[in-house]
Amino acid sequence: MSCNAEHTVSISRLTGQARTWPEEGYTRAPYWAYTDPDIYIQEQARIFRGPVWNYVGLEAEVPNPGDYKTTFIGDTPVVMTRAEDGSLHAVVNRCAHRGNMVCREPFGSAKRLYCVYHAWSFTLEGDLSNAAFSQGLRGEGGLPKDFDKSQHGLRKLRVDTLCGLVFASFSEDVEPLEAWLGDVAQGIRRVLNRPLKVLGYDTQRIHANWKTYHENPRDSYHANILHTFYGTFGLSRQSQESAMVLDAAGRHVYFYTKAGTEKKSADYEKASSELRSHNDQLTLEDPGILKWKDEYGDGVSVQILNTCPSFVLHQIANSLATRQLIPRGVNQSDLVWTYFGFEDDDEETTRMRLTQINLVGSAGMVSVEDAAVCEMMQRAFADGEEGASFIEMGGKTLESGGSSKLSERAIRNFWHNYRQYMGL
Ligand code: FES
Ligand SMILES: [Fe+2]
């Protein structure tokens with residue numbers, strides 16, 4: 001496919017600014033896309049409530065009938081439930097009466113979703129089961145005679161699962177989850193190959209637009225450059241065997257690296273000598289944090305997978321986690337980390353996974369650098385000045401760069417899809 005060169009103009013209702021996408025197309029991302037509050041509002045409708053699948057949790061988080069979890073899709077509060085018959089559901093956490101939240105706890109178990117304001121209650125599938133005083137009292141008050149309970153349930157979303165991951169969609173049109181994931185589904189199947197066990201959570205507030213973080217795990221170029229721990233201690237280096245895999249539509253991506261597969265070359269020696277991240281002088285007093293085992297038997301030490309718009313699955317050494325990106329206004333985002341292992345893990349394996357959170361958890365010595373860079377970007381371009389990021393590493397087209405990790409191919413593909421969703 002050739003470089004997309006058309007450009008369109010839209011007017012921001014809140015700022016009154018004419019918005020023109022740079023004529024180079026998806027090799028540029030204009031900074032107003034990260035800072036304009038009107039763009040943010042449109043993203044909620046066109047992307048998060050649009051034709052995508054949004055990660056909402058793990059099946060292992062709601063193992064029993066009656067279990068629920070509250071979360072968000074974009075700005076919209078959502079409840080994931082497991083009904084009495086074991087089926088999974090997702091509904092908007094907004095009472096059909098006057099809009100109050102029906103669930104306030106992060107997790108719980110209940111027979112009904114009960115709104116505290118006027119005691120309307122809903123089944124775990126989202127249907128209205130009872131409205132308090134609907135018949136009135138002593139012949140007065142009450143709901144109209146033509147009130148039809150079946151018309152006043154919670155807003156139901158489509159739900160689909162893969163390997164214990166639960167996704168929900170507002171769209172009736174988006175294809176089933178596995179078809180939507182395309183070739184990227186194989187990266188999920190590889191990691192999530194048996195029943196999961198949740199180990200813990202944390203949530204970090206990132207003071208940056210959600211797209212700065214969404215781009216980050218699509219950005220294989222930065223991994224061995226920004227992150228000193230990867231390069232210096234050999235978990236991931238550009239000289240190692242690695243690849244990037246995208247689905248046909250370029251919406252999703254994963255990339256991987258195999259530790260211990262270095263191929264030296266003169267150009268690598270020259271380039272790496274200029275990297276601050278590849279520091280042969282650094283050693284660790286206790287190298288325990290770097291201890292890992294090849295549990296999948298394929299030598300992959302790092303696999304990072306990203307689906308549009310808000311989901312990451314990582315396997316970094318033996319650390320496994322999902323990351324759910326929740327926008328919180330145009331200038332900030334929450335990243336919810338769910339660390340997990342497998343039901344059949346022994347104690348030593350669990351301890352190893354937990355220890356490695358110090359490396360790749362939200363405050364880990366690798367991952368802390370990603371959020372820091374997102375925040376520095378936002379501070380650098382939030383002044384409203386014109387400008388755009390330059391995304392030509394690996395070439396100028398959606399295919400160029402191939403499977404090389406030295407490429408911004410996955411980021412070009414994101415902006416290509418973003419423009420279609422947004423009509424920009
Ligand atoms: S808002 Fe929920 S019962 Fe009134
Ligand atoms: Fe990173």
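The C-alpha centres of domain 1 and domain 2 lie 36 Å apart in this predicted model, where local features need pLDDT of at least 70, side-chain atom pairs count only at pLDDT 80 or more, and totals for chains, interfaces and linings use all residues. The assignment for the protein chain places domain 1 at 54–162 and domain 2 at 184–422, with bounds that come from an automatic or database domain assignment. Residues are numbered from 1 along each chain as its sequence is written, and side-chain values use heavy atoms, with hydrogens and water left out.

**Extent of the contact**
- Domain 1 brings 12 residues and domain 2 brings 15 residues to the contact, where contact means heavy atoms within 4.5 Å.
- About 1200 Å² is buried between domain 1 and domain 2, with 63% of it on carbon and sulfur atoms; buried area is the accessible area (1.4 Å probe) that two parts lose on being put together, summed over both.
- Of the area that domain 1 buries against domain 2, 48% is supplied by Tyr55, Leu58 and Leu162, more than by any other three residues.

- Between domain 1 and domain 2 the count of salt bridges is 0, a salt bridge being a side-chain nitrogen of Lys or Arg within 4 Å of a carboxyl oxygen of Asp or Glu.

**The side of domain 1 that touches domain 2**
- Both β4 (54–58) and β5 (67–73) supply at least two residues each to this side, and β4 gives the most, with 4 residues; strands are DSSP runs (E, at least two residues), numbered from the N terminus.

Terms used. Chains are lettered from A and ligands numbered from 1 in the order in which they are written.
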